[in-house]
Amino acid sequence: MRHQVAGRVKLGAQALAVGLVGALLALLVWKLVHDEGSQIPGALARGERPVAPAFTLPRLDREGELSLASMRGKAVVVNFWASWCVPCKEEAPVLEAAWQRHRDDGLVVLGIDFNDLRPDALGFIRKNGVTYPVVYDRDGELVAKFGATGVPETFFIDRRGRLVGRRVTGAVNAREELRRDFESGVRLALGS
């Protein structure tokens with residue numbers, strides 16, 4: 001009798017665990033289908049120019065907040081990074097050089113730090129000589145809207161607020177193909 005009860009309890013616990021896993025899977029699928037940002041990488045791969053997700057985030061480089069709306073009419077390079085990311089450190093000088101070279105042409109390089117501790121991010125900015133604007137996406141909400149999958153990852157927004165070019169997954173200077181995609185994205189963003 002005790003073995004039958006124990007067997008039923010074990011079977012019930014297994015059924016509950018399977019049901020919980022199923023519910024979590026359904027929630028994940030629903031989130032992917034209903035998350036506007038998850039569509040962006042696919043749209044860019046098809047050559048489409050989706051509207052960039054609106055955002056307002058706290059700044060790391062100075063006091064206050066920064067919104068995409070405040071950059072209307074400018075070309076924007078959006079770079080997701082974190083202080084613990086080794087490739088992010090390697091690409092920081094390339095992003096800084098693009099900012100210095102094209103800022104008078106109306107280009108904004110925007111660093112978006114996420115999944116990071118604020119003091120570590122501030123140390124990264126100082127140590128790597130970053131002077132372009134940097135915002136803090138502590139919980140990764142903007143990462144989800146863009147459909148970014150990790151760090152570093154770079155997107156390009158033209159002067160009309162549309163995403164253009166190919167997203168760069170990985171350090172923009174890691175391989176020749178990524179370097180070409182970065183340079184092409186900057187040209188597309190500026191040219192629109």
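A salt bridge here is a side-chain nitrogen of Lys or Arg within 4 Å of a carboxyl oxygen of Asp or Glu. On that basis, Arg166, Arg175, Glu177 and Asp181 are linked in a network of salt bridges, and the total count comes to eleven salt bridges. The model is predicted, so local features need pLDDT of at least 70 and side-chain atom pairs count only at pLDDT 80 or more, while totals for chains, interfaces and linings use all residues. Residues are numbered from 1 along each chain as its sequence is written, and side-chain values use heavy atoms, with hydrogens and water left out.

Now for the sheet. Five strands make up an open sheet with mixed pairing, in the order E5-E4-E3-E6-E7. Strands (E, at least two residues) and helices (H or I, at least four) are DSSP runs numbered from the N terminus, and two strands count as paired if DSSP finds at least two bridges between them. The edges are taken by strand E5 (134–137) and strand E7 (163–169); each has a single partner strand, so one side of each is left without a neighbour in the sheet. From one strand to the next, the twist averages 20°. Angles run from 0 to 180 degrees between N-to-C directions, and axes are lines fitted to C-alpha atoms, for helices over the stretch in contact.

Within the sheet, strand E3 (residues 75–81) runs parallel to strand E4 (residues 107–114), and seven bridges connect the two. Val76 sits opposite Val108 in E4. Helix H4 (residues 118–127) touches E3, E4 and E5, and its direction makes about 125° with that of E3. Helix H6 (residues 176–191) touches E3, E4, strand E6 (153–157) and E7, and its direction makes about 155° with that of E7.

Buried means under 20% relative accessible area, exposed means over 50%, and partly exposed falls in between (1.4 Å probe, protein chains only). Leaving aside neighbours within four places in sequence, Glu153 is in contact with Val78, Asn79, Phe80, Gly147, Ala148, Arg167, Val168 and Thr169. A polar atom of the Glu153 side chain lies 2.9 Å from the backbone nitrogen of Thr149. The side chains of Glu153 and Arg167 are joined by a polar contact of 2.5 Å. For the record, a polar contact is a pair of N or O atoms within 3.5 Å; within protein, one must be able to donate a hydrogen and the other to accept it, and residues adjacent in sequence count only if both atoms are side-chain atoms. Glu153 and Arg167 also meet the salt-bridge rule, at 2.5 Å from N to O. Glu153 lies in strand E6 and Arg167 in strand E7, so the pair ties together parts that are 14 residues apart in sequence. Arg167 is partly exposed, at 26% relative accessibility.

Arg49 pairs with Asp158, with the closest N and O atoms 3.9 Å apart. This pair links distant parts of the chain, 109 residues apart: Arg49 is in the loop between helix H2 (40–45) and strand E1 (56–58), and Asp158 is in the loop between E6 and E7. Arg49 counts as partly exposed at 35% relative accessibility, whereas Asp158 counts as buried at 1%. In helix H6, Arg179 and Glu176 lie three residues apart, about one turn of the helix, and their side chains form a salt bridge of 3.4 Å, N to O. Arg179 is partly exposed at 31%, and Glu176 is partly exposed at 44%.

Then there are the aromatics. Rings of Phe, Tyr and Trp (its six-membered ring) pair if their centres lie within 6.5 Å; planes under 30 degrees apart count as stacked, over 60 as edge-to-face and the rest as tilted. The count by this rule is six aromatic pairs. In one of them, the ring centres of Phe80 and Phe146 are 5.4 Å apart and the planes are at 70°, so the pair is edge-to-face. Phe80 lies in strand E3 and Phe146 in helix H5 (residues 141–146), so the pair ties together parts 66 residues apart in sequence. Phe80 is buried at 0% relative accessibility, and Phe146 is buried with a relative accessible area of 0%. Phe80, Phe114, Phe146 and Phe155 form one aromatic cluster.

How values were computed: Contact = heavy atoms within 4.5 Å.
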